[in-house]
Each structure stands twice: as structure tokens, then as C-alpha cells.
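Please explain a few local features of this structure, going through the backbone and one of the helices.

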Amino acid sequence: MDTLLPVAPKVRRHARGARVAASLLTLLLVAPFAFAGTGGKAVTPIIAQIDAGHFKAADAAISGALAQPGLSADTRSALTFQRERMRRILLDFTLSADDVKARVRKQIPDLTDAEFAKWNAAGLFEHQLIDGRTLYFKRSPGNLFRLSPEAVARRAVQTPITDGPMEALNDHQRAIYRAALAEHKSSVLPQRLRMTQTLTVNADAVPAGETVRAWIPYPQAVPGQQEDIRYVASVPSTHQIAPASAPQRTVYLEKPAVAGQKTVFSVTYELTLLAQYHAIDPARVTVEKITPALAPFVAERAPHIVFTDAMRAFSRKVVGEEKNPYRIAQKLFTAVDQIPWAGAREYSTISNISDYALHAGHADCGQQTLLLMTLLRLNGIPARWQSGMVYSDDGSRYSNIHDWGYLYLPPYGWVPMDVTTGRLHPAPSDDKALEWFYLGGLDNWRIAFNDDYGRRFQPSKRQFRSDDVDSQRGEAEWRGGNLYFDQLDYDFDWQVLPAAQGRGSN
């Protein structure tokens, strides 16, 4: 296997945790740092300077570019975002080497400097050299124990690393598989759910009396996956639900800030969720003729889906001489699945997420999904994004945010893929096909808010997005600026309801 693959065994988890992840105009609004059109020549070298850790030089270049006469509003916005990106990077990279050692020693009290140096040289502590200072990612001490079995073995107290309930083959997945085969249907086991999602802005983050504008994610209407969506209530009650055609769907709300009080928004809705399983026969899968409708899903889409030389080399190493699209997908799924999960830095700080996932030695769900989408598209297999939240109906009250995707395999059409949950491990008594449950199947313990990434909200944000790729936690702003993730929090609360159909859709 290519040396770009990590050598540590995979330990996975759904969410990005605190990661706190088109047309020319769309690129500017949702990914300003990706701008490379007219005026983009002023931005592209600045992006490279920031990626290289030359923040002072980048800041000076931004000042110089902004001072140029005749600068378009779009280019000014793209340049201004680069300052914001540097600020966000410095919020993620806050630790010195001594800080990292001190945190690791809480679990490995006798950690030696030599051990730290060895693990650091192996890339197990994510860091950047910024203007001559080596700064470490704030989650790198905890991520160590997801990346290094050696470090896990050195812990003074061997507490288990827990993951979501979907990570190991369970009875819910078995039930989905059995129902799909017995009923000869790909969508089965409907479950009615009531969900309340809350977005809370910190007290005094906005001056008293100023209007806070908020966007809370709202479910996509997807036949065979989630249906009969019904709005129930919101706080405040006045709200605006984005149309069903919005690829990143939200409920828009406004509320005045009150001195000394948190500003709380919420939305409650009901929907019916269906599990999916497609019994794919590789012998029936054919190479798809790319129609105009499918063409966007095999194309590059800068900045996060780019067929770089490294991506092409990795693909050749993994795919070899295989020609069957499903077999190619299995090989690529396996390769990306081997990348260990680790807590991720904010997506808006990364200039090319799929390339980052290829080289970082770890990735979270959205990074793995974008990498797999890029590799599939590179091989002519249509692939697209989906994301939202996951929960468990097993009594654990587990919930998290999560990303996954779809690929197109004729004659089956669009089928789901969840490479972060990845390949399962059937027991001797299980059908071996369950190993590939998440390459063609999907549980119904999840809600999809987004059918694409990096698309504009409706109504649009006036300020920069906190996450210009994904939309799961919610976003907020006021006329004075964006409210970043260190200024707000989010929560999910749900209840499984008796099955009901035909209750209307929003």
C-alpha cells in the first residue's frame, strides 16, 4: 500500500467533534480563500503564504493588495477572509511543545523527551511553523491516543476509547439487511422522529439590543431516505424555512440580544427516516456513460476536489488494473477507511481538504468523505456529498455531527457510502455481505441537512461563514460581524414517535 497511508491501525469515530469544516460569486461567498478568478491573482500567493506559515508576510501582502485602486468588492472580500483565516488557525493551534508534553503526561506520567521527539517526528502531534514558532493543534494531545497503539499501551490507566454505536456491526444493521432482502426493497424500517436542535449564542457576544441572525440546519426531503417532514415549533416563532431545493437547508431566525443573557434559538420538527440497503452484484455493475446530469459529479471542484499529481499517484497505487466500478469503489473505500479518525481543525482554515486528508496521517468524517469523493470522481465514478447528524435509538442518547456521501453505480443508481463508519466485521454466523454494509447501505439513525457542501444559505449570510464547507452546528451573526464557534454552542434532543405517514412536508 502507498506510503501515504497511515501505518497505525484505524480507530474511528463519526463526528468532527470540536472541529470547529461553482460560479465565481459562489466561490467567493462560500469559500473566499479559494478565489482564483479575475483579481484572484492577488489572493492565490497569499493563500500559499498562509499555508506555509508566513503570517506576517501574508498580512503585509493583504494590506498592499487592499490599498490598490479599483479593487472589486469580491476581491476585497476574498483578501479580507485571509486575515480571518489566520485568526481561526491561531484559535486551533494554541499549544507549545511543553504544553503538549504536560497534557500527555496526565495519561503517561513518565513520558520522556525522547518519546515525545519520536512521536513528534512521526507526525503524531499535528503542528505548524508560524512565523518561526512551532504551534501545536489544541486537540493533538488527545488525538495521539487515536493514532498510536504504542502511546495507548503507555497510558497509566487503560480506559477504553469509545466510538459511536454504528462503528461495530449491531442488530440494527442486521435488521436493515434482513428487511431489505426479505421485502425486495432498498428503503426499509421507517421510523418517525421528533427533533429539537438548539443554537445558543454566548451572553454579551453581541451588544444589547442588536439583532442576532441565526441559521439552524433543517432536514432535506429525500424520497426513500427521509420523508414527511413537518415543522412543529421554533424559538422565536417567526421563522423562514429554506426551500426544499436548497442544498444546505436551514431555518432562519432573528432575535435581539439582551445584556447578560444568552441568545437562544431552536427549531423542532418531525420526519420519517428510512434505512437503506442495496444488494449490489458486482457482475451487474457497468461503466456509466456520463450524461450532462452526471457530469458535475465526476468533475474537479476547487478548492477541495482537485486531481493533484499526488491524488493520481495514490489512485493508481490503490486501483491497479481494476476496471469494474464497484470493485474500484471497494478498493478506494478500503484505502480511505484505513486512515485513522482524529479530531479535526476547522474546515474553513484548510485550503484543500481532500489533499489534507491524503497527507495528514489522520482525518475526520468530512475529510475522509471528500477524499473518497475525489478519488471516485478521478476514476470516472460519480460521487456526491451528504451530511447532517447521527444519533442512536439504543438507549445511549448518543448524538454527533457527521458526513457521508453517495456514489452512482449502474444499474443501481445512487447508493450511499459512509467511509468513516467503514467496513464492518461480521461474526461467523453473519452473512459476509454485511462487511460492506456502508458501501451501498445506510442506517436510519441519522438526519441529512445537506445534499452538497459549500453552498449558500437561503437567505444568505452577510458575514463570513464559520464553516464554509459544512452546515450542522448552525451559524449566527450580527451587523458587527460573524459569531464564530468559540462564541456559540449547539445541542440535539430527540424522541422516537409512533410510525406515521402523510403528515405533510416542509
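Where is P303 found? In this predicted model, P303 sits in the loop between β9 (263-277) and α10 (309-319). Another cis bond runs from P410 to P411, with omega near 10°. P411 belongs to the loop between β11 (399-409) and β12 (413-417).

Phi angles come next. D131 has a phi near 50°, a positive value in a residue other than glycine. This residue, D131, is placed in the loop between β2 and β3 (133-137). Because its relative accessibility is 33%, D131 counts as partly exposed. R397 also has a positive phi, near 60°, and is a residue other than glycine. The loop that holds R397 lies between β10 (383-391) and β11. With 44% relative accessibility, R397 counts as partly exposed.

The remaining feature is a helix. Helix α3 covers residues 55-66, and its 12 residues should span 16 Å at 1.5 Å a residue. The end C-alpha atoms of α3 are 16 Å apart, so the two values agree. Which residues of α3 are buried? They are F55, A58, I62, A65 and L66. These residues cover an arc of only 95° around the axis, and therefore lie on the same side of α3. What covers the buried residues of α3? The covering elements include α2 (44-51), α4 (73-92) and β2 (127-130).

How values were computed
Residues numbered from 1 in each chain as written. Predicted model: local features only at pLDDT ≥ 70, side-chain atom pairs only at ≥ 80, totals over all residues. Heavy atoms only, no water. Helix = DSSP H or I, 4+ residues; strand = E, 2+ residues; numbered from the N terminus. Expected span 1.5 Å × (residues − 1). Buried < 20%, exposed > 50% of the residue type's maximum accessible area, 1.4 Å probe, protein only. Arc of directions from axis to C-beta. Contact = heavy atoms within 4.5 Å.
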